[in-house]
Structure formats: C-alpha cells, structure tokens
Amino acid sequence: MGHTHKDTCRICKGSDLVRVLSLGEHPPVDNFVAPDAVGEEKRYPLDVYFCRACSLVQLVDVVPPTELFHNAYAYFSSASVPLVRHFESYAKQIKEKYLSPGDFVVDIGSNDGVLLQFFLPEHRVLGIEPSSNVAEVAREQGIETLIEFFDEKLAQRIVETHGKAKVITANNVFAHIDDLDEIVRGVKTLLTDDGVFVSESHYLLDLVEHMEFDTIYHEHLCYYTVKPLQHLFNRFDMEVFDVERVAQHGGSIRVFARKRSTEPLSPRVKELLDLEEKNGLYTPDTFLGLEERVKGVREKLVSMVRELRHEGKKVIGYGAPAKSGTLLNYCGFTADDLSYITDTTPHKVGKLTPGSHIPVVSPDILKTETPDYILLLSWNYRDFILEKEKDVRARGAKFIIPVPKVEIV
Ligand code: JHZ
Ligand code: SAH
Ligand code: ZN
C-alpha cells in the first residue's frame with residue numbers, strides 16, 4: 001500500500017501550506033526487522049509543513065495506519081521505568097481533580113495499560129489499542145482492552161455497552177491520527193456532559209528550542225501548539241480549558257478539553273498562547289531555519305562517530321526508541337558505525353533497527369562489555385540512564401549525547 005499526500009491542513013482545511021523542513025525518505029520507525037526477513041523496506045517522505053491559516057505544523061504524507069500499528073508493534077510504554085512513574089503521577093492528578101469512585105475512564109492508544117493500571121481498582125477502565133500484541137499485555141493484567149482504531153462508531157458502541165466516560169485520555173496518540181475530526185466527534189459522543197478529555201503530546205516549542213528533530217517521524221502527523229488545538233476543539237463546540245507543560249519526551253503539553261461551558265478558562269491557556277506567539281511559532285520563518293541547524297547536527301555527529309571508528313574505537317547505541325529511527329537513517333549510520341544498540345524492550349531485542357539494520361541486544365551486555373563510546377539515542381531519559389549505567393562509565397565508557405546539543409559526558 002502506498003501513502004497518501006494531502007494538500008489541505010488537517011485542522012482548518014486551508015490549503016496555504018508551506019514546506020519548512022525535509023528530512024528525506026525513511027522507513028516507519030517502529031518496524032523493526034527480523035534478521036532472517038531482511039528485504040526491501042518501504043520508505044516514505046518525511047517533510048514538515050506549516051499552515052499559514054491556523055499555524056499547525058504537520059506532515060501531509062500519510063502512511064496507512066495499519067502499516068504503523070499492527071500485530072507486531074514495537075513500542076511498549078512500560079519498557080521505560082521513568083515513563084511508568086510519569087503515568088502514575090498523571091493518574092493521581094486526574095483522580096484528585098476529576099474522578100469519584102466508580103467513574104468510567106477510557107484511554108485511547110492505551111498500549112500495554114501503562115496509564116489505566118493506576119486507575120484500578122477504584123475506577124472502571126477501558127483501553128482502545130489497535131496493536132494487538134501490545135493490547136494483549138494489558139489484557140493479561142486484567143485491563144479490558146478493545147483491539148481497534150478509535151472512531152465515532154466505536155464511541156457509540158462503547159456508550160451502548162459501557163455508558164459514557166467521565167474522563168477520556170489520549171496520550172502520544174492524538175498527534176498520530178490523520179482524521180482528527182472523527183476523533184473529536186468520537187470523544188464528544190463518549191464523554192459525559194461534565195466530562196474531561198486529557199491529551200498529552202510532544203510540544204513544538206520544545207522541539208524547536210532543543211533541536212529534537214529526531215521526534216519527527218511518520219507516526220507523528222501533528223507537531224502541536226495550543227493555538228491550532230483551540231481551533232480544532234472550538235469547531236466541535238468544545239474548549240481547551242487548561243494546559244500544562246510536562247517534561248516527558250523532551251517536553252510535552254498536557255491539554256485539557258471539555259464541552260463548551262460558562263466556566264472560566266485557566267489563565268495558563270492564555271499564558272502559553274502568548275509564549276508561543278513570542279517564540280515565533282505562528283510564523284513559518286521560525287521553522288525555515290531548522291533545516292540548516294539539523295544538517296549541522298548531522299555533520300557533527302557523523303564526523304565524530306566516523307573519526308572514533310577510524311581510531312579503532314568501539315561505538316554502540318543506547319536505546320532504540322522510535323526517534324532513533326529518524327536519527328540513524330538521517331545520519332546514514334549502519335552496523336559499521338554502531339556495532340549494536342541496547343534496548344530494554346523484549347520485542348526489539350534480537351531484531352534489527354529499521355533501515356539502518358543495527359542489531360538490538362539486551363542492556364545486560366554492558367555488565368561485561370565496555371565499549372569506548374555509547375551514543376545515547378534515548379536522550380530523553382538521560383539522567384536516569386547515566387545513573388543506571390554508572391558501572392560501565394566507571395570502567396571508561398563515555399556517552400555521546402546527540403540532543404539538545406552534541407556533547408560527550
Ligand atoms: P521513548 C514513544 O516514542 C512512542 P519513543 C511513540 N512513538 C510516541 O509518539 C512518542 O513516544 C512520544 C528504551 N529504554 O519512551 C525503551 C532503554 O533501553 O523515548 C524504549 O525502546 N533503557 C508512539 O519510542 C526507548 O528506550 C532505559 O533505561 O521515541 C524509549 O522510548 C530506558 C528508560 C528506555 O519513546
Ligand atoms: N499512550 C501510550 C502509548 C503511546 S504509543 C503512551 O503515551 O505511552 C501510541 C499508541 O496508540 C500505540 O500503541 C498505537 O497502537 C495506538 N494507536 C494508534 N492509532 C490509534 C487509533 N486511531 N486509536 C487508538 N489507538 C491508536
Ligand atoms: Zn490549518
């Protein structure tokens with residue numbers, strides 16, 4: 001199946017789209033390859049566009065969702081200990097602010113149950129998760145999960161079988177869905193009149209400020225700011241009533257929306273809108289400069305790694321997150337550059353990274369091996385990983401940090 005190329009904005013439907021950054025063609029980042037199944041991989045363009053009408057930054061080349069999310073999806077949220085802790089405190093906030101015992105919570109893109117587990121047993125929960133291998137893990141823990149893509153029809157069915165939800169969450173998935181109108185209609189159908197929709201996504205301001213170019217990949221169709229999200233919800237008679245910046249994934253925004261009401265909005269909404277404006281996120285010029293900066297990072301990283309290899313040093317990678325797909329393929333790294341990459345996800349171990357075909361192994365290898373340099377691909381867990389790997393560092397291994405700036409520690 002090929003990809004589709006849209007010529008209108010995903011939120012406002014306008015057609016004044018400017019291409020602001022091009023990263024070339026890449027395979028889908030979560031499609032790890034079995035060593036005995038190496039063949040031609042499909043590559044799709046990774047070009048970023050800015051909408052002059054509503055300021056949404058987005059991809060317009062859309063890979064069919066079934067090629068990204070399927071029965072062998074590689075991302076398991078619970079493989080990252082700091083992320084599990086994050087969702088534990090997220091659930092605590094929601095419980096304290098919005099829930100009474102017995103209330104019904106639905107999570108869209110519930111993955112392995114990383115968030116919903118923390119609402120049990122006080123609340124009723126339901127996960128929606130189309131990647132069946134990941135959904136099974138949640139089911140095994142007793143978290144009821146529908147193996148489906150969320151849409152309005154499914155929302156209607158859930159209302160009939162389970163009733164309406166007091167809280168609907170959708171984390172790191174609201175930026176991943178092409179037809180946002182369908183999702184918002186579904187959310188409205190499923191939500192009680194006093195219900196709350198909470199969604200966390202990577203934040204464009206952090207992407208730009210900290211050069212997080214590797215967080216651009218086909219799963220991420222939207223790079224959100226508050227302004228276009230307001231536009232989206234308003235179109236459906238809903239409103240963004242609160243926003244919060246959180247540190248996850250190098251910087252995310254947690255956005256709270258509800259059916260339109262007469263209640264006041266949190267002052268934080270206006271504060272963040274002002275900050276976005278001040279930082280030029282509503283003009284394409286801000287993004288047009290990105291490509292040169294990204295090329296600069298590539299030059300620095302590639303020459304550093306190639307020089308080290310030339311000197312006979314052993315270099316490996318640490319973490320095979322989705323974003324490593326973009327970084328590795330954009331830099332053209334292969335197993336000649338990084339001998340292997342460690343990752344805590346059992347599903348990734350034993351496979352090859354998409355496109356770059358570098359073997360993924362368990363981090364246990366570092367208990368006995370001491371590479372000279374370790375490229376930290378899961379840079380968003382930097383402090384946690386540097387502390388966790390203090391033994392191999394004490395034995396002389398150095399970490400190369402690629403983001404927010406290339407440095408060796
Ligand atoms: P992590 C995810 O992207 C999923 P990814 C998704 N693509 C998305 O939208 C974004 O989040 C926002 C490993 N690891 O969480 C585990 C170690 O090996 O940064 C994971 O494979 N050792 C839908 O994939 C990866 O790193 C460790 O100590 O970029 C982390 O992936 C830790 C902490 C993690 O997200
Ligand atoms: N919410 C988790 C997982 C994010 S990964 C977290 O924040 O860590 C994104 C998840 O959304 C994947 O597990 C993917 O299979 C799922 N997903 C993708 N499209 C979806 C859709 N249309 N409806 C529901 N889930 C979807
Ligand atoms: Zn638009």
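Phe87 and Tyr90 sit three residues apart in helix α2 (residues 81–98), about one turn of the helix. Helices here are DSSP runs of H or I with at least four residues, strands are E runs of at least two, and both are numbered from the N terminus. Phe87 and Tyr90 are both buried, where buried means under 20% relative accessible area, exposed means over 50%, and partly exposed is what falls in between (1.4 Å probe, protein chains only).

A word on where this comes from: the model is predicted, local features need pLDDT of at least 70, side-chain atom pairs count only at pLDDT 80 or more, and totals for chains, interfaces and linings use all residues. Residues are numbered from 1 along each chain as its sequence is written, chains are lettered from A and ligands numbered from 1 in the order in which they are written, and side-chain values use heavy atoms, with hydrogens and water left out.

## More aromatic pairs

Rings of Phe, Tyr and Trp (its six-membered ring) pair if their centres lie within 6.5 Å; planes under 30 degrees apart count as stacked, over 60 as edge-to-face, and the rest as tilted. That rule gives twelve aromatic pairs. Phe87 and Tyr90 make a tilted one, at 5.8 Å centre to centre with 45 degrees between the planes.

Phe174 and Phe233 are stacked, because their ring centres are 5.9 Å apart and their planes are at 10 degrees. Phe174 lies in the loop between β9 (165–170) and α5 (180–190) and Phe233 in helix α7 (residues 226–235), so this pair ties together parts that are 59 residues apart in sequence. Both Phe174 and Phe233 are buried. Ring pairs also link Phe174, Phe197, Tyr224 and Phe233 into a cluster.

## Lysines over rings

A charge sits over a ring if NZ of Lys or CZ of Arg is within 6 Å of the ring centre and within 35 degrees of the ring normal. Lys227 has its charged end over the ring of Tyr282, 4.3 Å from the centre. Lys323 lies over the face of Trp379, 5.6 Å from the ring centre.

Asp242 is in strand β12 (residues 238–246) and is buried, with a relative accessible area of 6%. Its side chain makes polar contacts with the side chains of Ser266 (3.0 Å) and Arg268 (2.8 Å). A polar contact is a pair of N or O atoms within 3.5 Å; within protein, one must be able to donate a hydrogen and the other to accept it, and residues adjacent in sequence count only if both atoms are side-chain atoms.

## Around ligand 2

Ligand 2 is surrounded by 18 residues, and the closest are Ser77, Gly109, Glu129, Ser131 and Asn172. A residue is near a molecule if one of its heavy atoms lies within 4 Å of it. A polar side-chain atom of Glu129 is 2.5 Å from an oxygen atom of ligand 2, while a polar backbone atom of Asn171 is 3.0 Å from a nitrogen atom of the ligand.

## Around ligand 1

Ligand 1 has 25 residues around it, with His220, Ala322, Lys323, Tyr381 and Lys388 coming nearest. Oxygen atoms of ligand 1 lie 2.9 Å from a polar side-chain atom of Tyr75 and 2.7 Å from an N or O atom in the side chain of Tyr381. Helix α12 gives the largest share of the shell, three residues.
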